[in-house]
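I opened this entry to record what I looked up, step by step. Each entry covers one topic.

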Amino acid sequence: MVIAISKEKGLESMIAKEGEAILNKENQFQQNINSEDPFIKNLYSDLNERINAYEQEDAVKIEKMKWSDATGSIFFMILIIAYLIYSFV
């Protein structure tokens, strides 16, 4: 029972530390966006804009590869394999 309680306290403190680390990273990110150095400010502002655009983009659809996309490569692989088989036999 003592071990279970100490594990729970350890887990709670670990979660609290991770939460603080995330907040510190967010604060650091915001500080860099508000930086007086124009290079850092532009770098982090651009990164923030890209992240926001990616998160808000509803049209992110990944098309699966079709057989017609791979027919050329498959054809050349078959030719190479046939040549290797022919040359070794």
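I started with R50 and D46, which sit four residues apart in helix α2 (residues 38–56), so about one helical turn separates them. An α-helix has 3.6 residues a turn, so residues three or four places apart point the same way. I then looked up the contact: the side chains of R50 and D46 meet in a salt bridge, 3.1 Å from N to O. I noted that the model is predicted.

How many salt bridges does the count give? It comes to one. I checked exposure next. R50 counts as exposed, at 57% relative accessibility. D46 counts as partly exposed, at 33%.

**Overall layout**

I listed the elements of the protein. There are three helices and zero strands. From the N terminus on, I read the order as α-α-α. I looked up burial too: of the 89 residues, 4% count as buried. The accessible surface comes to about 8800 Å². Carbon and sulfur atoms hold 62% of that surface.

**Helix α3**

Next I turned to helix α3, residues 67–88. I compared its span with expectation. At 1.5 Å a residue, the 22 residues of α3 should span 32 Å. The end C-alpha atoms are 30 Å apart, which agrees. Where is the kink in α3 centred? I found it centred on S73, with a bend of about 30°.

**Aromatic pair**

I searched for aromatic pairs, and the count comes to one. F75 and F76 form this pair, and the arrangement is edge-to-face. The ring centres lie 5.7 Å apart, with 65° between the planes.

F76 is exposed, at 52%.

**Nonpolar patch**

M77, I81, I85 and V89 make one of about 450 Å². I81 has its place in helix α3. At 47% relative accessibility, I81 counts as partly exposed. A patch residue needs over 30% relative accessible area, so I81 passes that cut-off.

Key:
Residues numbered from 1 in each chain as written. Predicted model: local features only at pLDDT ≥ 70, side-chain atom pairs only at ≥ 80, totals over all residues. Heavy atoms only, no water. Helix = DSSP H or I, 4+ residues; strand = E, 2+ residues; numbered from the N terminus. Buried < 20%, exposed > 50% of the residue type's maximum accessible area, 1.4 Å probe, protein only. Areas by Shrake-Rupley, 256 points an atom, 1.4 Å probe, with all protein chains shown as cover. Phe/Tyr/Trp six-rings, centres within 6.5 Å; stacked < 30°, edge-to-face > 60°. Patch = residues over 30% accessible without salt bridge, like charges linked within 9 Å, V, L, I, M, F, W, Y side chains within 5 Å. Salt bridge = Lys/Arg side-chain N within 4 Å of Asp/Glu carboxyl O. Expected span 1.5 Å × (residues − 1). Bend = angle between axes of the 7 residues up to and from the residue.
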